[in-house]
Amino acid sequence: MTYGGAAIVRMFAELDGYQPPHHVGTTNRRIFGPEDGIGDFSMVRGTLWPGGGADRHYHEHSDQLIFVMSGRCRVRAGATDVVLVGNDTVFLPRLVPHVVDVVGDEPLELFITYLPALRPGDTNPAGTGNRPVHQGV
């Protein structure tokens, strides 16, 4: 699809789910990406189930902005170790290894934006840290 100045609508129920590399118990749905012709960014909706999370990893080319819609998560990145709840946000610069884990018994719902857009192969394991590295899909 090429952007022609009209509205672009995404129906959540029609978006395909996938488990990103180096994540467990996670279902993401890509909402927008550069293929939409509206800029070099990608926007994803993520659901992380209790016990799930992102293994220690980094993105070589993309900065990451996470907005927590509901649920709770613990984010560890460098000297940062924080629990986020609904309406909290965290910015993770490219190349900074980070871990995201669900806290509690409720699913975690996130909006994630990558600038520039996340591309295949840009999610890299950062070795064992606070969580064992899983290879994911």
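Rings and charges first: I say a charge sits over a ring if NZ of Lys or CZ of Arg is within 6 Å of the ring centre and within 35 degrees of the ring normal. By that rule, Arg45 lies over the face of Phe111, at 5.9 Å from the ring centre. The charged end of Arg45 also sits over the ring of Phe12, 4.6 Å from its centre.

Ground rules before I go on. This is a predicted model, where local features need pLDDT of at least 70 and side-chain atom pairs count only at pLDDT 80 or more, while totals for chains, interfaces and linings use all residues. Residues are numbered from 1 along each chain as its sequence is written, and side-chain values use heavy atoms, with hydrogens and water left out.

I looked for aromatic pairs and the structure holds 0. The test was rings of Phe, Tyr and Trp (its six-membered ring) with centres within 6.5 Å; planes under 30 degrees apart would count as stacked, over 60 as edge-to-face and the rest as tilted.

**Leu65 and its strand**

Leu65 lies in strand β4, residues 63-70. Strands here are DSSP E runs of at least two residues, numbered from the N terminus. Which strands pair with β4? I found strand β9 (residues 108-115), antiparallel over 7 bridges, and strand β7 (residues 89-92), antiparallel over 4 bridges. Pairing takes at least two DSSP bridges between the strands.

On the β7 side, Leu65 stands opposite Phe91. I then listed what Leu65 touches, leaving aside neighbours within four places in sequence: Thr89, Val90, Phe91, Phe111, Ile112 and Thr113. Contact means heavy atoms within 4.5 Å. I also checked Leu65 against Tyr114: they are 49 residues apart along the chain, and their C-alpha atoms are separated by 6.5 Å.

The cut-offs are under 20% for buried and over 50% for exposed, with partly exposed in between (1.4 Å probe, protein chains only).

**His59**

His59 lies in strand β3, residues 42-59. I call His59 buried because its relative accessible area is 2%. The side chain of His59 has a polar contact with the side chain of Thr123 at 3.3 Å, and another of 3.4 Å joins the side chains of His59 and His57. A polar contact is a pair of N or O atoms within 3.5 Å; within protein, one must be able to donate a hydrogen and the other to accept it, and residues adjacent in sequence count only if both atoms are side-chain atoms. Beyond four places in sequence, I see His59 in contact with residues including Gln64, Arg94, His98, Tyr114 and Asp122.

Most residues other than glycine have a negative phi, and most peptide bonds are trans, so I went looking for exceptions. A cis peptide bond joins Leu115 and Pro116, with omega about -15°. Pro116 is in the loop between β9 and β10 (123-125).

His22 has a positive phi, near 65°. I place His22 in the loop between β1 (17-18) and β2 (23-32), and its relative accessibility is 6%, so His22 counts as buried.

Asn87 has a positive phi too, near 80°. This residue is in the loop between β6 (80-84) and β7. Asn87 counts as exposed because its relative accessibility is 60%.
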